[in-house]
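I opened a notebook for this structure and wrote down what I looked up, in the order I looked.

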Amino acid sequence: MSDLPKDSSVPGEQFEPRQTHPSEDYTPDPSKSLKLSPARQRLVDDIIALYSCEPTVERVKRYTSDCVYDDQFVYANDRYKMAGQWFALPKLFKASKNEKYQIVVDEPGLIQFRNEQSWTFKIIPKTATINALVSLSLDPATENSDFIQVKYHKDQANDKDYSHEGLGFSFKKWQADNVMKYMDSPEVKLFEADKGAAKEAVKTYGTGASDGKAPTKDL
């Protein structure tokens, strides 16, 4: 069971799920997918639509104002920055297709699924298919409602977790801090007030291995 906070007023940084994996293989097997409640399934459907270059204001509202999004290329620590990322995707990619996914964890406060997504670039006629583990830490105030929101969204494509240190992290935080400033998007502007959401200092771990507070889990 997850040991995530039960207090919705706690900033998103405290809702980070951490894990290492025995391998880098996150290939989904839909036949083994756990069945979600209708409300949780609608949440996952909206998240997959966002991955698939189909952003809407309502889908971005799936995140709390103080959310954190954390992947190989981005560390966005409020919903304004998060909106900038989702609405930027269709400008960067010609298409993004969800090939398949597998729900592997369905717990109070946490949904995790293996996801396979194919990305076709606009400038370079090339398609890349990536398998990753997606972790959604849920807002305690809405997790039992019809419209569940996310406090922390992690996308992990490697066996190791993120250390949140070094030049690579500095770049992914810098770009998340700045992308939305250069977007002429009324949809993104709707979330500008969220830049004042509660934040905490980025949690650093020294390493993304299991000794960096990321226990090994075979998901």
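**Entry 1: ground rules.** I began with salt bridges, which I count when a side-chain nitrogen of Lys or Arg is within 4 Å of a carboxyl oxygen of Asp or Glu. The model is predicted, so I noted that local features need pLDDT of at least 70 and side-chain atom pairs pLDDT 80 or more, while totals for chains, interfaces and linings use all residues. Residues are numbered from 1 along each chain as its sequence is written, and side-chain values use heavy atoms, with hydrogens and water left out.

**Entry 2: salt bridges.** How many salt bridges does the rule give? The count comes to 18. I looked up Lys81 and found its side chain in a salt bridge with that of Asp177, at 2.8 Å from N to O. Lys81 belongs to helix 3 and Asp177 to helix 4, so this pair ties together parts that are 96 residues apart in sequence. I take helices (H or I, at least four residues) and strands (E, at least two) as DSSP runs, numbered from the N terminus. Are Lys81 and Asp177 buried or exposed? Both Lys81 and Asp177 are buried; the word means under 20% relative accessible area, with exposed over 50% and partly exposed in between (1.4 Å probe, protein chains only). I also noted a network in which salt bridges with shared partners join Glu16, Arg18, Lys154 and Asp161.

**Entry 3: Arg59.** I then looked at Arg59, which forms a salt bridge with Asp46 at 3.4 Å, N to O. Asp46 is in helix 1 (residues 38–51) and Arg59 in helix 2 (residues 57–60), so the pair links parts 13 residues apart in sequence. Asp46 counts as buried because its relative accessibility is 16%. Arg59, at a relative accessible area of 22%, is partly exposed. Arg59 has a salt bridge with Glu54 as well, where the closest N and O atoms are 3.9 Å apart. Glu54 is partly exposed, with a relative accessible area of 42%.

Entry 4: I traced an open sheet of six strands in the order 2-1-6-5-4-3, with mixed pairing. Strand 2 (75–76) and strand 3 stand at the edges with a single partner strand each, so one side of each has no neighbour in the sheet. Two strands pair here if DSSP finds at least two bridges between them. As a reminder to myself, strands of a sheet pair through backbone hydrogen bonds, either parallel or antiparallel.

**Entry 5: strand 6.** Strand 6 (residues 150–156) is mostly covered, with seven of its seven residues buried. Strand 6 pairs with strand 1 (residues 63–70) in the parallel sense over four bridges. Asp70 stands opposite Lys154 of strand 6. With strand 5 (residues 127–138), strand 6 pairs in the antiparallel sense over six bridges. There I found Asp155 of strand 6 as the bridge partner of Val134.

**Entry 6: strand 4.** Strand 4 is also mostly covered, since 10 of its 12 residues are buried. It runs antiparallel to strand 3 (residues 93–107), and 12 bridges join the two. Lys100 stands opposite Glu116 in strand 4. The hairpin of strand 3 and strand 4 has two residues between the strands, and in it Gly109 takes a positive phi near 85°. Strand 4 and strand 5 pair in the antiparallel sense over 11 bridges, and a hairpin joins strand 4 to strand 5 through five residues. I noted Thr129 in strand 5 as the bridge partner of Ser118.

**Entry 7: two loop residues.** Ile124 is in the loop between strand 4 (110–121) and strand 5. Ile124 is exposed, at a relative accessible area of 52%. Ala141 is in the loop between strand 5 and strand 6 and counts as exposed at 58% relative accessibility. Which distance separates the C-alpha atoms of Ala141 and Ser8? They are separated by 5.6 Å, while the two residues are 133 residues apart along the chain.
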